[in-house]
Every structure is written in structure tokens, then in C-alpha cells.
Amino acid sequence: MPAHASKPDDPALLKVDGPIATITLNRPAAFNSINLAIAQKLEQLAAYIEGDDAIKVLVLEGEGRAFSAGGDLQTIGAAAEAGTVTPVVGELLKHYHAFIEIIRRMPKISLSSVHGSAAGAGMGLAFVTDLCIAADDAKFTPAYAKIGVSPDGGSTVGIVGTVGSRRALQIFLAEDNFTAQQAYEWGLVAKTVPAAELKAATRQLAERLAQNPPAAISGTKQLVYQAATTPVKQQLDAEEHKIIMAMHTEEFRAAVKKFTSKSK
């Protein structure tokens, strides 16, 4: 059995179809809440995807009625009662953060496909990917302030850079929940579709994204994520370096030939 092959009872499942890999959160009875087992599996699967040059797009989805209810409060609550929060939550986040670091840095596009509820760290997961498509009846619930904690699981990584600090404070401290349409208006969701069409629309978008040559995906993603914190001269130098590298690829030469032949 290949290293990435999934068993039906794995907490997260991987399916690879051509250039598109799909990770399915697979704890439907717990609304795909994130515990140590799912965090470890996500890190393992992301590492496999990062190392497979044939994969260009990662789709992240949830099994059952929800995308993800966030951190597993049964596990975390038990740790709080036992006075073991630091080691228990620390170990969980070590693997979960490793997963997030991989999907943010890898030269592939990650796309979350959200249905039902995305709450707490599940909301963060929806928006820490490069792009998000959502069912029009999906609901996003920050949840953190209500239980007396600050955001985690990449929530501020994905949201603040998109909506800015004031909107982020509104989301985390003043919103009980918000709709897919609001998320679309704030730039967090790229597209909303009827729930019955989410699977097909996700596949269609993933196939479109996979048409981008690897050099374009890698260079664009790195440049976009570093732009906000990089001095102008350094960013311009990075743009020059990335585009010249891309211009040495066969995909670029073929595309230019196709374009110039149409212009004649």
C-alpha cells in the first residue's frame, strides 16, 4: 500500500486524481473537530502532497454535515480540568501548525471547499488556504471570544492579511457568526454556489487552477504572501528573479509561441 493511501477510518483521507489532490476531514460524528490524530494525519498528507511534483492543487473539504467545528473541545476541556493544557494543546498545535506551514509554503494552490459550519479553528482552516469556495448556506463562526480565548490554528494568518486589522477585530470580537455572502463581500471567499453544486463547482475551479504552469503558481504564491512585509526594492528584486526563472521554462516558451502566432 502506498505511503499516502487512506483507510476508511483514517481521521483525514487523501484522494489524488491527476494534478488535483483532495484531503477530506473524516470525523463526521464529531463535526470534523480537530484532535491530535487529525492534526498528525493532516501534517503527513500535506508533506506527501508537497513532495509530489505532479500535484498542482490541493482541495480541502469536510465529510458529513460540517466542514469543521474547530478544535476538539472534549479533549481540550479534559486537559484544562487535568491541568495538562500546555503539553496536550502544545502537541496538537505542533502538528497542526506544521500542516499549515506546508500548505502556505508549498508551490501548489490550496483550495478549501466549505459547506455547513466552519467554526473556531475550522473557520481559520477555511481561510488559511490560498482560496476558498463555499456553499451559499455555509456559516462561519469565530467562537473564540465566547469561550474566553484568542484565535489560533492559523485564523489570524489567513484572515488579517485579507480583511485588515479592523475587520479582523470585528470578526473575532463582535460577530457571533457570518454568512458565506458576507465572507464573499469581505474577500475571504472567492465564490459562493448552491450547496448541491459545491462538489462540481469545486472540481471545476480546481481544474482551472491546475492549468497554471508550476512556475507561475510557485512564483505568484511566494510573491503575494511576502508583499505585505517586504521592502519595495526587495520585492521588486524578487519579482524580477521569479519572472526570469519562469521565462526559462518550456511552458513559457510554448505559451509565447502560441500567443505570437495568433498575432500575425
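Mentor: Helix 1 (residues 36–51) lies across strand 1, strand 2 (20–25) and strand 3 (57–62), and runs at about 20° to strand 1. Contact here means heavy atoms within 4.5 Å; axes are lines fitted to C-alpha atoms, for helices over the stretch in contact, and angles run from 0 to 180 degrees between N-to-C directions. Helices (H or I, at least four residues) and strands (E, at least two) are DSSP runs, numbered from the N terminus.

The model is predicted: local features need pLDDT of at least 70, side-chain atom pairs count only at pLDDT 80 or more, and totals for chains, interfaces and linings use all residues. Residues are numbered from 1 along each chain as its sequence is written, and side-chain values use heavy atoms, with hydrogens and water left out.

Six strands make up an open sheet with mixed pairing, in the order 1-2-3-4-6-9; two strands pair if DSSP finds at least two bridges between them. Its edges are strand 1 (12–17) and strand 9 (191–193), each of which pairs on one side only. On average, and with direction ignored, neighbouring strands of this sheet are turned by 20° against each other. Strand 4 (residues 109–114) and strand 6 (residues 131–135) run parallel and are joined by four bridges; S113 has I133 in strand 6 as its bridge partner.

Now the helix pairs. Helix 3 (residues 85–105) and helix 4 (residues 121–128) pack at an angle of about 20°, with axes 11 Å apart. They are therefore roughly parallel to each other, the class for angles under 35 degrees, with over 145 roughly antiparallel, 65 to 115 roughly perpendicular and the rest oblique. Y96, F99, I100, I103 and R104 of helix 3 make the contact with A121, L125 and V128 of helix 4. These residues divide into seven nonpolar, no polar and one charged, where Ala, Val, Leu, Ile, Met, Phe, Trp, Tyr, Cys and Pro count as nonpolar, Asp, Glu, Lys and Arg as charged, and the others, Gly among them, as polar.

Helix 5 (residues 155–163) and helix 6 (residues 165–174) pack at an angle of about 130°, with their axes 7 Å apart. That makes helix 5 oblique to helix 6. S155, T156, I159, V160 and V163 in helix 5 meet S165, R167, A168, I171 and F172 in helix 6. This contact has six nonpolar, three polar and one charged residues.
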